[in-house]
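We will go from the whole chain to single side chains.

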Amino acid sequence: GAQIIPEETLSTTEIPFTFPQTSTASDFLAKSLAINIEGITNLSFFGKDKPGNVETMKTLAVKIDKTSPETIGSYAQNGNQTRVTLTSADVLSGVEYVSFSVDGGNFETYSAPFAVTGSGNHSVAFFATDKAGNVEQPKILSFTIVAVNPDVTIIAPTSGSIYPVGTAVSFAGNFRGDNCNSHTAVWTFDS
């Protein structure tokens, strides 16, 4: 008969399986062995016939993963946007994918760091699923984006510059603000 020998971390157990002499491959595949220990179990097996001939030992590694993956969320604020990074790990089967949702929106599959924009409170919900189908409990990353007040810096003319009467004076400056798509500066002149 054939023998299956599972190697576990704590003990080695020999489980004999006997097949009739007319056994076929389908007879062999119909036999099962339950492995309930999380981790990697090496199954070593060999065949032995009635006269005592033994084949060379073969080994098969089986991974049992009952633990969900672990994901860490982090963020870095830069002006009117926040860059969110999600990092996930799973020791046994590996991470299949990470899902995230911004401010209660639809969940999407994470592939790279992303930006959240707009002043106010924000939240990013996220979780990972591993290759064994274990799903992490959702986590929430919360942060607040504070509006950047407009800031105009005049480059030209410099303060105290003197020009003859009738000269056209050009102004140049830098503008920084929360809505950098629309630049408005208000000028007032003393005469």
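Among contacts in the protein chain between residues at least 6 apart in sequence, what percentage join residues at least 24 apart? The share is 48%, where contact means heavy atoms within 4.5 Å.

Before going further, some housekeeping. This is a predicted model, in which local features need pLDDT of at least 70 and side-chain atom pairs count only at pLDDT 80 or more, while totals for chains, interfaces and linings use all residues. Residues are numbered from 1 along each chain as its sequence is written, and side-chain values use heavy atoms, with hydrogens and water left out.

**Stop 1: the whole chain**

Show the cartoon. The protein chain has one helix and 13 strands, taken as DSSP runs numbered from the N terminus (helices are H or I, at least four residues; strands are E, at least two).

Of the 191 residues, 25% count as buried. Buried means under 20% relative accessible area, exposed means over 50%, and partly exposed is in between (1.4 Å probe, protein chains only).

**Stop 2: an open sheet**

Select 70-78 for β5, then 81-89 for β6 and 114-117 for β9. Together they make an open sheet of three strands in the order β5-β6-β9, with antiparallel pairing. The edge strands, β5 and β9, each pair on one side only. From one strand to the next, the twist averages 30 degrees; axes here are lines fitted to C-alpha atoms, and angles run from 0 to 180 degrees between N-to-C directions.

Zoom in on β5 and β6, which pair in the antiparallel sense over nine bridges. Two strands count as paired if DSSP finds at least two bridges between them. For a landmark, pick A76, which stands opposite R83 in β6.

**Stop 3: the largest nonpolar core**

Select V84, L86, F100, F114, V116 and V124 and show their side chains. Among the 13 residues in the largest nonpolar core, these touch the most other members. Such a core is a set of buried Ala, Val, Leu, Ile, Met, Phe, Trp, Tyr and Cys residues joined through side-chain atoms within 4.5 Å. Which elements give two or more residues to this core? They are β6, β7 (95-102), β9, β10 (120-130) and β11 (139-145).

Next, centre on F114. Leaving aside neighbours within four places in sequence, F114 is in contact with T82, R83, V84, L86, F100, V102 and V124.

**Stop 4: the salt bridges**

Look for a side-chain nitrogen of Lys or Arg within 4 Å of a carboxyl oxygen of Asp or Glu. By this rule the count comes to three salt bridges.

Start with K58 and E55, whose side chains meet at 3.1 Å, N to O. K58 is partly exposed, at 42% relative accessibility, and E55 is partly exposed too, at 34%.

Then select E70, E136 and K139, which are linked in a network of salt bridges. E70 and K139 meet at 2.5 Å, N to O. E70 lies in strand β5 and K139 in strand β11, so this pair ties together parts that are 69 residues apart in sequence. The closest N and O atoms of E136 and K139 are 3.2 Å apart.

Is E136 buried or exposed? E136 counts as buried, because its relative accessibility is 4%. E70, at 48%, counts as partly exposed, and K139, at 26%, counts as partly exposed.
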